[in-house]
Amino acid sequence: MENSKSIAGEEQIIQDLLPRKFKNSGKILVYILSAFCLVGIYAYYRQLRYGLIVTHMRDYVSWGIYISNFVFFVAISLVGSLITAVFRLAGVKWGSPLTRIAEMIAVAAIIFASIIIIVDMGSPERFYNLFLYGRIQSPIIWDVIVITTYFFISILLLYYPLLPDLQILLRFKEKSGPRLHKFYSYLGSFWKGSHKQYLLSKKAINALCIAIIPVAFTIHTVTSWLFATTYRPGWDSTNFGAYFIAGAFLVGAGAVVVAMYIFRKWYGLEKYITLDHFDKMGRVLVLLCLLYLYFNVNEFLTPFFKMKESEAGYLNDMFSGSFAPVFWFAIFTGIILPIIILLFKKGRKPLPMFIVGIMVVVGAWFKRYLIVTPTLLHPFMPMHDVPASYHHYFPSWEEWAITMGSLAGAILIIVALCRVFPIIPIQETINEHHETAK
Amino acid sequence: MELKDSSRRDFLIAGLAVAAIATGCTPGSPFEAAVGDDVKPSGKKVKLLSVDGEEIEVDEAFLKPVPHMPTITNAEARVGIPGKKFVMVIDLSRCKNLKKCQSACNHAHDLNPGENWIKVDPMQSAEHTAPYWEPTTCMHCDEPPCVKVCPVDATFKRQDGIVLIDSDRCIGCRFCMAACPYSTRVFNWGAPEIPADVASQPYSAETSIPQKKGTVGKCDFCADMTRMGMLPHCVSACPNGTFFYGDLNEDSVTNGAETFRFSDLMRDKGGYRLMEDLGTKPSVYYLPPVSRNFPFESGLENDKLQNK
């Protein structure tokens, strides 16, 4: 099976895909991201010291951009299960070079989802109470359980397919340096690549892929239930679980497209992330956009048609009131324009896809903001007998700093992972190379 | 109100003295054990009444103030008073937005300025219906949405119907605030501005004192007063007798001056509860604003002061 031609190809693939040291631009990126994180940490220090008073959340808007950001992170993390699990189980071959990118995004996002939910707590030092006194009836406990589960499955789904690659990485000691080499051997020196190990790993990955799909659906459904289990107009919706999941797959796929473009440009991976990949991801994205649009119509049209008294205030605020600019921005940039662009073949080229990916992600972030805040500003009882600052909400600099810091932190994790591990699975690419050579 | 406050203070002082003796009267070396070896007798004696009803003399140097401890444990506060089902009736025809209820409540619970557990809202159901003032407290629902969602059992429903908060356990997730359709819960966003001696007290769920940074607070139906057989502060503070409080099992409610059969009030005056359609089953009943004692406008001036 191993002829000289394919060995030469193999060496080429390995050389192309080995993780590389950052050039100056990479270092600058790391510094900028770290600076954002540090400002965020300082803001959080202030919040710990003075309490949530440093935010602009008050009794009516008791959840603000922290919670929107949490929903955003949970949403984006779902992509790991889409690209890895759904594609693998459905036998979609072209997705395999994207699996590691998707898993890295998923792990980074789920880590920061958990961090941001602790940031939102008024008494984070009592976090352990969740384990001491946890009540299984509370949707928050459901969220704690499924997010933890999802985190571990995602880590394993990143780790198992990495094992054959670690074996390859271990061969290049002089290139990776002593410290990284030690790290690689700690992680993967037990992997000998024997047939038995290979079968075991394949079995394990398949099992994880099957397990992660229901868990992924659950994390985002439960997250939607944090809202839908309350009575509030705008949240009290049976559509919420499906609406959240559809939006989550969309934003996750958008993030993968953005990452694909950047990695391809930076590492010169044109041979591995091809135009065909962009075209196919474009088709996936347009499908997800249409699906999300469908759920949005469902979510807004029927209450709009009835205009119940309790919902009218919130709906008017979204469609034509103070939230209208953000609302229509999110709908057009996050859903409608991407559909229009991606329907054209030219729209599915790398650069337009990159722009569409950014539009989808940014639109999705603002969509999460709209899910949380407008509803809270339209309670059943009149907003009365409270200080004037309770009547509106715009995040304070601490909230922005922490949110930006968390986004920067998630990107930093992805950047660190791609410095240490190959972004495109090497062994899998080699195997596919052999198959096509045959 | 003044009178009541001073009598409460007297009661507390008496309590302190009794507590001082109680700690002192443990078997063994009574006073030394309580105060330590470094205290020398001053020679001045003070007369005190022991728990057995005997008059005893104690050296002044051995007296020490005992911190105000909650009279009941957290476990007892969670259970509630057996055989009771507390209800409140708010007669809207008597309210003119004086807000005495609010200031009494804020004072009694040492609330942070700007935080109100009782709110008095101007209500108008439709364009051509008449406006009225509606005081709202915690509804102490029998199906409390806040208790359902609390992840750590920090807010709980007692057997006597009262919903309370354990501020020593609350993690500040604010899910209960999102869940409460009556928007009754307030959050301590910063450290509450309360006197240091109040802030250093151990927390009691029945008094809801002291409020703590990063936790949720709300109307507690004055569970401590109720346990002593006294009326909640809002009830006794209202000069118009708007609030009635009592036990559903005894079928009687009172505002201090007048006492009614609860069922009579409901039947004769058409009592109802807020947002019945949500199924939360509140313990606070309202009597509609008919044959009013005051015109709506009489409350406007007071409203402007607070809601500029």
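The model is predicted, so local features need pLDDT of at least 70 and side-chain atom pairs count only at pLDDT 80 or more, while totals for chains, interfaces and linings use all residues. Residues are numbered from 1 along each chain as its sequence is written, and chains are lettered from A and ligands numbered from 1 in the order in which they are written. Helices (H or I, at least four residues) and strands (E, at least two) are DSSP runs, numbered from the N terminus.

**Helix α9 of chain A**

- Helix α9(A) covers residues 173-188 and spans only 14 Å between its end C-alpha atoms, whereas a straight helix of 16 residues would span 22 Å.
- The expected span is 1.5 Å times one less than the number of residues.

**Domains of chain A**

- Domain 1 of chain A comprises 19-208 + 396-431, and domain 2 comprises 230-385; such bounds come from an automatic or database domain assignment.
- The C-alpha centres of the two domains lie 22 Å apart.
- Contact joins 26 residues of domain 1 to 29 residues of domain 2 in chain A, where contact requires C-beta atoms, placed from the backbone, to lie within 7 Å.
- On the domain 1 side, α3 (65-77), α4 (79-89) and α5 (99-120) of chain A each supply at least two residues.
- The largest share of that side, seven residues, comes from α3(A).
- By class, the domain 1 side has 22 nonpolar, four polar and no charged residues. Ala, Val, Leu, Ile, Met, Phe, Trp, Tyr, Cys and Pro count as nonpolar, Asp, Glu, Lys and Arg as charged, and the others, Gly among them, as polar.

**Core and buried positions**

- The largest nonpolar core has 186 residues, and those with the most contacts inside it include Ala113(A), Leu250(A) and Val256(A). A nonpolar core is a set of buried Ala, Val, Leu, Ile, Met, Phe, Trp, Tyr and Cys residues joined through C-beta atoms within 7 Å.
- Helix α11 (residues 240-267) of chain A gives the most to this core, with 16 residues.
- Not counting residues up to four places away in sequence, Ala113(A) touches Phe70(A), Phe73(A), Val74(A), Ser77(A) and Ile147(A).
- Val356(A), in helix α15 (residues 350-376), is buried, with 26 other C-beta atoms within 10 Å. A residue is buried at 20 or more such atoms, exposed at 12 or fewer, and partly exposed in between.

**Interface between the chains**

- 39 residues of chain B are in contact with 36 residues of chain A.
- On the chain B side, the largest share, four residues, comes from α6(B).
- The residues of that side divide into 21 nonpolar, 10 polar and eight charged.

**Chain B and its backbone**

- Chain B has 11 helices and 13 strands, and buried residues make up 42% of its 308 residues.
- The peptide bond from Ile209(B) to Pro210(B) is cis, with omega near -5°.
- Pro210(B) is in the loop between α7 (196-199) and β9 (216-217) of chain B.
- Ser208(B), also placed in the loop between α7 and β9, has a positive phi of about 60° although it is not a glycine. Ser208(B) is buried, with 24 other C-beta atoms within 10 Å.
- Asp153(B) has a positive phi of about 60° and is not a glycine; Asp153(B) counts as partly exposed, with 17 C-beta neighbours inside 10 Å.

Methods:
Contact = placed C-beta atoms within 7 Å.
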